[in-house]
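I opened this entry to keep a record of what I looked up, in the order in which I looked it up.

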Amino acid sequence: MSNRAIQLLNDCLLFVQSRLSQPCLLCGATVQGDHLCPGCRDDLPRLPEGRCPQCALPSHGGAVCGNCLRHAPDFDHTEAVYAYDFPLDALVKHCKYQGALEVTAFFAREMAAQVAKRDRADVIIPMPLHPDRLGERGFNQAAEIARRLSRQVRIPWLPQFCRRVRDTPSQAGLDLKARRRNLRGAFLCDGDLTGKRVALVDDVMTSGTSLNELAGSVKKAGAASVTAWVVARTL
């Protein structure tokens, strides 16, 4: 069966599930027409109102933070839905490491609700996985979110436009300079994005290094502006 056929079957299954009673993704309580029960939804960690518009970290009065003023990233703006903290982190791990694709449907819906009010783009590009990592995991969670998000906000997505050409070691435990060295030259973009407003989609922004490196590659392809759309931001 082709990947396209598998995607269609998964989408049909998720659509049917969304119309029926189903267990809450976090506590297992029965809910209808939603992925989370009201209690678990209320427990999701919110970002502070005052945050840097460029990197989404807390800042005084919502102004551009000092770090972005000193070392401006290649992405121009960040839209983050939640803070990366409990219990949202459990949903991310459940999706990424246990193949729970129904979680990506929830993430896409939450992201669509936020960006529809605040930001627009001409194209959506998901954070790519290296082919070796994709083969191990079987799917790219960023691509699954972007695919569903594309339909909801009616913005085309380009799943193959950017490639990860270096399978870099884990970023965990590395300081910022080491993270940047680790990711240098990791991405390659094919084609022309001249004048396009590009949204880069990922599940979590930790230091922002991966998204910054990808944004640089996208701007080399001609993008006029680059926004990071992420489900969660590490504070």
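**Ground rules.** I am working from a predicted model, in which local features need pLDDT of at least 70 and side-chain atom pairs count only at pLDDT 80 or more, while totals for chains, interfaces and linings use all residues. I number residues from 1 along each chain as its sequence is written, and side-chain values use heavy atoms, with hydrogens and water left out.

**Overall make-up.** I find nine helices and eight strands in the protein chain; both are DSSP runs numbered from the N terminus, helices being H or I with at least four residues and strands E with at least two. Of the 235 residues in the chain, 49% are buried, where buried means under 20% relative accessible area, exposed means over 50% and partly exposed lies in between, with a 1.4 Å probe and protein chains only. I also looked at contacts (heavy atoms within 4.5 Å): among those between residues at least 6 apart in sequence, 71% join residues at least 24 apart.

**The sheet.** In what order do the four strands of the open sheet lie? I read the order as β3-β8-β7-β4, with parallel pairing, two strands being paired if DSSP finds at least two bridges between them. As a reminder to myself, strands of a sheet pair through backbone hydrogen bonds, either parallel or antiparallel. The edge strands are β3 and β4 (123–126), each of which pairs on one side only. Neighbouring strands are turned by 20° against each other on average, direction ignored; for such angles, axes are lines fitted to C-alpha atoms, for helices over the stretch in contact, and the angles run from 0 to 180 degrees between N-to-C directions. Looking at one pairing in detail, I note that six bridges join β3 to β8 (residues 225–233), the two running parallel, and that T78 has A228 as its bridge partner in β8.

**Helices on the sheet.** Helix α5 (residues 102–118) lies across β3, β7 (197–205) and β8, and runs at about 135° to β3. Helix α9 (residues 209–220) packs on the sheet too, touching β4, β7 and β8, and its direction makes about 165° with that of β7. I checked the length of α5: its 17 residues should span 24 Å at 1.5 Å a residue, and the end C-alpha atoms are 25 Å apart, which agrees; the expected span is 1.5 Å times one less than the number of residues. The buried residues of α5 include V103, A105, A108, E110, M111 and Q114.

**Cysteines.** Which cysteines does the disulfide join? A search of the whole structure gives one disulfide, a term that stands for a pair of cysteine sulfur atoms within 2.5 Å, and this one joins C162 to C189 with 2.4 Å from S to S. C162 lies in strand β5 and C189 in strand β6 (residues 187–189), so the pair ties together parts that are 27 residues apart in sequence. The link of C162 and C189 is right-handed, with 95° about the S-S bond. C162 is buried at 3% relative accessibility, and C189 is buried at 15%. I then turned to C27, whose sulfur is 3.7 Å from the closest cysteine sulfur, in C37, too far for a bond; C27 is partly exposed at 46%. C52 is likewise in no disulfide, the nearest cysteine sulfur being that of C55 at 3.8 Å, and C52 is buried at 1%.

**Rings.** I count one aromatic pair, using the rule that rings of Phe, Tyr and Trp (its six-membered ring) pair if their centres lie within 6.5 Å, with planes under 30 degrees apart stacked, over 60 edge-to-face and the rest tilted. The pair is F106 with F107, tilted, at 6.0 Å centre to centre and 50° between the planes. F106 is buried at 0% relative accessibility, and F107 is buried at 2%.

**Backbone.** A cis peptide bond joins F86 and P87, with omega about 5°, and P87 is in the loop between β3 (77–83) and α4 (88–98).
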